[in-house]
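This report describes a protein model from its overall composition down to individual residues. The sequence and the structure are shown first.

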Amino acid sequence: MTAISFGWRSAQTLLLCALLLPGTSWAHARFVTASPAPNSSVVSAPNQVVLAFNEPVQPVSLKVIDASGHDLAADSDAVSIDNDIVLKFATPATTGKYVVSYRVLSGDAHPIAASFSFTVAGAAGSKAPPTAATPLATAESDWSRVVIIARAIYMLTLLLCMGGGLFLLLVPSATAIQAELRTGVTRLASLALLAALFYLQASGAAMLGSTSLPDIAALKVAATSSLGTSLGLAAIGLMMIIAARARHAALLIASIVLLAGSRALTGHPASRDPGWLLIPAMALHVACAAYWYGSLRPLYMSLKRLPVADAAKVLREFSSAAMIAVATLACAGLLMALVHLATPSALLGTWYGQLLIMKTTWFSVLLGLAAWHKLRLSPRIEAGDRRALRTLRISIVIEAIIMTLVLLISVNVASTAPEDPPRNATAETASTAAITAVETPSLTGAYILTLQTENALASVWQLTVRDLGGNVIEPLDISVKVGIPVAGIEAMPAVVKVADEGRFSVEPPITLPGTWEIKVDALITDFDKESFSLQLTRK
């Protein structure tokens, strides 16, 4: 069977499996309901909150905050029972409004965070005791960028290590560089091991909302998640490479299998059905990407140092395996995209879909380069053309740069839920006295959102959307979410009402001091949805 026919049959098999899947979209774990229910009013003061999800989750941070900023569950531990989380109050509830803020981990180690409110009405005529508002903590604890950087460093070193090992196994004619390549693979394994520890610590900090590193508690939280299992398995594979110095073929094969499998134990494939298909698809996707990416450096070295005839033999061996790898890589990626995207419109309407488009576009450029190498340059090198060797070396450098870009996009794809829009945060500070207007552009830059408050602790805000010419726009619909993530209050929906033409009044669910993050989605037309993001400091 030729490489081309094998790749085509692989494509047919994977696509057939995708077509046989039920027409269901899979997402991260999701909140179902709670007791007391969101936005409800109860007569009797509860002594606990029960959160129900569609699958078992791991609690990370749960708070029940009253109007004074006091956490009723500050000294309580949440208990997981099947798909429910039970949180008992350490302080009895009284009449008044409460915010329940939760942060949990799904089975694929993605944090799910949100907030909702409920009111304890109490008996007729009863009143809550007056309390002074306590300013909430405002220490910066947004680790999202650090996690992305840590994941990128880990993935790049991991793939280079795996790819170098696969090159040693699949291109035996490159004997002149094997000793140097083994040393490089061993060093990359050491770097990947350190990167894995940094990735685990940064992810734990994001899960727990830490304010500084190192944080042992955050490291323990991450270690008990699916990410911890994945990195633990990868650490075993990396230590095997280091111990054997990439010299023993059997150990090298076992290590690469462990490394490829480890990537399938966390992220999107880990919590979706059918696992029997998605987990092997992810492992194959990672292994094939590693072979392509990690082989570029040793291939460049071979073309530069070896005689033309020997370089042609190395290129021939690499290409035979690369054709199978690229076909499998594309088919596995297509299969996972078909499963993860709920509808075709999500490809354009979500940040996840836009990232996939960017990744596919650059991947197509890589395929064009690979085809040029195979069809034009390789025959010339076989004929002894040294100029073709130099041209191919330059093209390999370009290919490595583009593939690094594709891998960085893939890192963002892995950390993005299919429904997530991109963010564009603009920080502003509100005065504690006079009317304050805060402006921020939409993510596309086509519209301006103006938020007005009579004072920093006002219970009603005013929103207006204008185009770049200053004309007031009347959106068909508008939704607002507010929260104080650095204080542990996750985003929660606010009540939005039409005030007059083009102006909306927003009632935040609770008024507490702190830096509020505000997200606004405005449906300008049936085909144009604009998103805004800003901050408002309420002193």
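Among contacts in the protein chain (heavy atoms within 4.5 Å) between residues at least 6 apart in sequence, 66% join residues at least 24 apart. This is a predicted model, in which local features need pLDDT of at least 70 and side-chain atom pairs count only at pLDDT 80 or more, while totals for chains, interfaces and linings use all residues. Residues are numbered from 1 along each chain as its sequence is written, and side-chain values use heavy atoms, with hydrogens and water left out.

**Overall composition**

The protein chain has twelve helices and 19 strands; helices (H or I, at least four residues) and strands (E, at least two) are DSSP runs, numbered from the N terminus. Of its 539 residues, 49% count as buried, where buried means under 20% relative accessible area, exposed over 50%, and partly exposed in between, with a 1.4 Å probe and protein chains only. The protein chain exposes about 24900 Å², and carbon and sulfur atoms supply 61% of that area. The areas come from the Shrake-Rupley method with a 1.4 Å probe; for residues, only the protein chains shown count as cover.

Two packed helices are described by the angle between their axes and the distance between the axes. Here axes are lines fitted to C-alpha atoms, for helices over the stretch in contact, and angles run from 0 to 180 degrees between N-to-C directions.

| Helix pair | Angle | Axis distance |
|---|---|---|
| H2 (residues 144-170) and H5 (residues 226-244) | about 40 degrees | 12 Å |
| H3 (residues 178-208) and H5 | roughly 165 degrees | within 9 Å |

With an angle of about 40 degrees, H2 is oblique to H5. H3 and H5, in turn, are roughly antiparallel to each other. Angles under 35 degrees count as roughly parallel, over 145 as roughly antiparallel, 65 to 115 as roughly perpendicular and the rest as oblique. The crossing of H2 and H5 is left-handed, and the crossing of H3 and H5 is left-handed; the term applies if the near helix is turned anticlockwise from the far one by less than a right angle, and right-handed applies if clockwise.

Which residues form these interfaces? Between H2 and H5, Tyr154, Leu158 and Cys161 in H2 meet Leu231, Ala234, Leu238 and Ile241 in H5. In the pair of H3 and H5, the residues of H3 in contact include Val185, Ala189, Leu193, Ala196 and Leu200, and those of H5 include Leu227, Gly228, Leu231, Leu238 and Ile242.

**Cysteines**

The structure holds zero disulfides, a disulfide being a pair of cysteine sulfur atoms within 2.5 Å. Cys288 is in no disulfide, and the nearest cysteine sulfur, that of Cys331, is 9.8 Å away. Cys288 is buried, with a relative accessible area of 11%.

**Backbone geometry**

Most residues other than glycine have a negative phi, and most peptide bonds are trans. A cis peptide bond joins Ser35 and Pro36, with omega about 0 degrees; Pro36 is found in the loop between strand E1 (31-35) and strand E2 (41-42). Asp82 is not a glycine but has a positive phi of about 55 degrees. Asp82 belongs to the loop between strand E5 (79-81) and strand E6 (84-88) and is exposed, at 66% relative accessibility. Arg245 likewise has a positive phi of about 55 degrees without being a glycine. The loop between H5 and helix H6 (249-263) holds Arg245, which is exposed, with a relative accessible area of 52%.

Not counting residues up to four places away in sequence, Ser117 touches residues including Ala37, Pro38, Tyr98, Met492 and Pro509.

Pro493 lies in strand E15 (residues 489-493) and is exposed, at 52% relative accessible area. With the same exclusion of residues up to four places away, Pro493 touches Ser115, Val480, Lys481 and Pro509. Pro493 and Ala114 are 379 residues apart in sequence, yet 9.2 Å apart in space, C-alpha to C-alpha.

Thr360, in helix H11 (residues 351-382), is partly exposed, at 46% relative accessibility. Thr360 and Val406 are 46 residues apart in sequence and 8.5 Å apart in space, C-alpha to C-alpha.
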